[in-house]
Amino acid sequence: LRTALHFARLEASNNILMICGSSPGAGKTFVSTNLAATIAQGGQRVLLIDGDLRRSSLHKVLGQDPRNGLSDLLAGRIDAASAIRRTPIDNLHFIARGEAPPNPSELLMRPELGALLKTAALQYDLVIVDTPPILAVTDSAIIGRHAGTSLMVVRFGLNPAKELALAMQRFEQNGIELKGAVFNAVERRHDTHYAYGYEYRSGA
């Protein structure tokens, strides 16, 4: 995934990566966290931002407190220096969700988000934003306008083709081009020679 991302970003307008999904349970947070850690361990400075202001679990994965995060920053209660935290992984910094707001979409539409991402893009080699499912809320469509690269996480056996097509349509309607998909939790079969063919047919 790290290698594929390198090539996907060659023509990107910036170094901001949005990780999105069509519905809950695809594994966006799993992919976001592990990708961020892998790239940071490779020597690049990475900022991981929890862009799910509604039902986030990213702070739990990192063993962090969700308070004093993105929502508080966008609302003007804290500054960026107070929101950005170190993690046990060298080169990896993190912005938590913050206090769960009553108006997530309105907060994300504020100019403060664009200002934060532009500044972070200059300070880090890669900025990864984990976002909520596009078919549940519009938040990822708002965040995606700031991202140079957007990837959708698809879980084997969970996300049907029609659902993915609808998700892609939603992003297209908002002017966001998906650079690719990350297939999560793909099951290996005994006859690996035919595994790909089976997955292709079942998703057609």
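## The second largest pocket

The second largest pocket holds about 340 Å³ of space, where a pocket is, on a 1 Å grid over the protein atoms alone, an open set of points where a 1.4 Å probe fits, with protein on both sides within 12 Å along at least five of seven lines. Of its 18 lining residues (those with an atom within 4 Å of a point), P24, K28, D52, R55 and P133 are the closest to the centre. Helix α2 (residues 28-41) gives the most to this lining, with three residues; helices are DSSP runs of H or I with at least four residues, and strands are runs of E with at least two.

## The sheet and its helices

Seven strands form an open sheet of mixed pairing, in the order β3-β4-β2-β5-β1-β6-β7, where two strands pair if DSSP finds at least two bridges between them. The edge strands, β3 (85-86) and β7 (180-184), each pair on one side only. Five bridges join β2 to strand β5 (residues 126-130), and these two run parallel.

Helix α9 (residues 161-173) packs on the sheet, touching β1 and β6, with contact meaning heavy atoms within 4.5 Å.

## Confidence and conventions

This is a predicted model, in which local features need pLDDT of at least 70, side-chain atom pairs count only at pLDDT 80 or more, and totals for chains, interfaces and linings use all residues. Residues are numbered from 1 along each chain as its sequence is written, and side-chain values use heavy atoms, with hydrogens and water left out.

The chain averages a pLDDT of 86, on a scale of the predictor's confidence in each residue from 0 to 100. Over residues 193-204 pLDDT stays under 50. Where pLDDT is low, the predicted coordinates should not be read in detail.

Notes: Points joined across faces, edges and corners; volume = space filled by probe spheres on them. Axes fitted to C-alpha atoms, helices over the stretch in contact; angles between N-to-C directions.
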